[in-house]
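Below are some notes on the model, kept to points that can be checked by eye. Please read them with the structure open.

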Amino acid sequence: MNAKASFPDSETVAAKLSALDDQDKAWLHLVLENPAQDDALLDGITHLVNAAAEARFLNSLKLSRAGEWLGAHAPARLQIRLMEIGRSSQHPAYAAFREGLAKSGGL
């Protein structure tokens, strides 16, 4: 058993970003406030975008909305890392996420 369990795990972060309702936003705010959870958060974002890139149907609006929300609410310490995720591939899923980040004006 892994002695250092990852909380939050990437699947949970991806699910919360995918739904992005009020309760999920509150949960994500708590994760964003804790620098110790940055790696888990970024892994979850990467998981979300990778899953969208592999899906049969690309919901670019959902990815753009997630990127826009994150860009507007993520602390400065995460802004560059978020854009690095968005620029890590030329796939349309990454482009949609990157577009949302740019719309947020957080960068």
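1. Terms and source. A residue is called buried when its relative accessible area is under 20%, exposed when it is over 50%, and partly exposed in between, using a 1.4 Å probe and protein chains only. The model is predicted, so local features need pLDDT of at least 70 and side-chain atom pairs count only at pLDDT 80 or more, while totals for chains, interfaces and linings use all residues. Residues are numbered from 1 along each chain as its sequence is written, and side-chain values use heavy atoms, with hydrogens and water left out.

2. Ser-64. By that cut-off Ser-64 is buried because its relative accessible area is 5%. Ser-64 lies in helix 4; helices here are DSSP runs (H or I, at least four residues), numbered from the N terminus. Leaving aside residues up to four places away in sequence, Ser-64 touches Ala-96, Glu-99, Gly-100 and Lys-103, where contact means heavy atoms within 4.5 Å.

3. The start of helix 1. Helix 1 covers residues 10-19. Asp-9 caps its N-terminal end, with a side-chain oxygen 3.1 Å from the backbone nitrogen of Glu-11. Such a polar contact is a pair of N or O atoms within 3.5 Å; within protein, one must be able to donate a hydrogen and the other to accept it, and residues adjacent in sequence count only if both atoms are side-chain atoms.

4. The buried side of helix 1. Ser-10, Val-13, Ala-14 and Leu-17 are buried in helix 1. They cover an arc of only 100° around the axis, so they sit on the same side of helix 1; the arc is that of the directions from the helix axis to the C-beta atoms. These buried residues pack against helix 2, helix 3 and helix 4.

5. Helix 1 against helix 3. The two helices pack at an angle of about 65°, with axes 7 Å apart. Axes are lines fitted to C-alpha atoms, for helices over the stretch in contact, and angles run from 0 to 180 degrees between N-to-C directions. Residues that meet include Val-13 and Leu-17 of helix 1, and Leu-41 and Leu-48 of helix 3.

6. After helix 1. Leu-20 belongs to the loop between helix 1 and helix 2. Its phi is positive, at about 50°. Most residues other than glycine have a negative phi. Leu-20 counts as buried because its relative accessible area is 4%.

7. Helix 5. Helix 5 spans residues 76-86, and its buried residues are Leu-78, Gln-79, Leu-82, Met-83, Ile-85 and Gly-86. Seen down the axis, they fall within an arc of 150°, so they line one face of helix 5. Their cover includes helix 2 (22-33), helix 3 (38-54), helix 4 (60-73) and helix 6 (92-104).

8. Gln-79. This residue of helix 5 is counted as buried because its relative accessibility is 8%. A polar atom of the Gln-79 side chain lies 3.1 Å from the backbone oxygen of Gly-71. The side chain of Gln-79 also reaches the backbone oxygen of Ala-74, at 2.8 Å.

9. Leu-32. Leu-32 is part of helix 2 and is buried, since its relative accessibility is 3%. Beyond residues up to four places away in sequence, Leu-32 touches Leu-78, Trp-69 and His-73, among others. Leu-32 and Leu-78 are 46 residues apart in sequence, and their C-alpha atoms are 8.7 Å apart in space.
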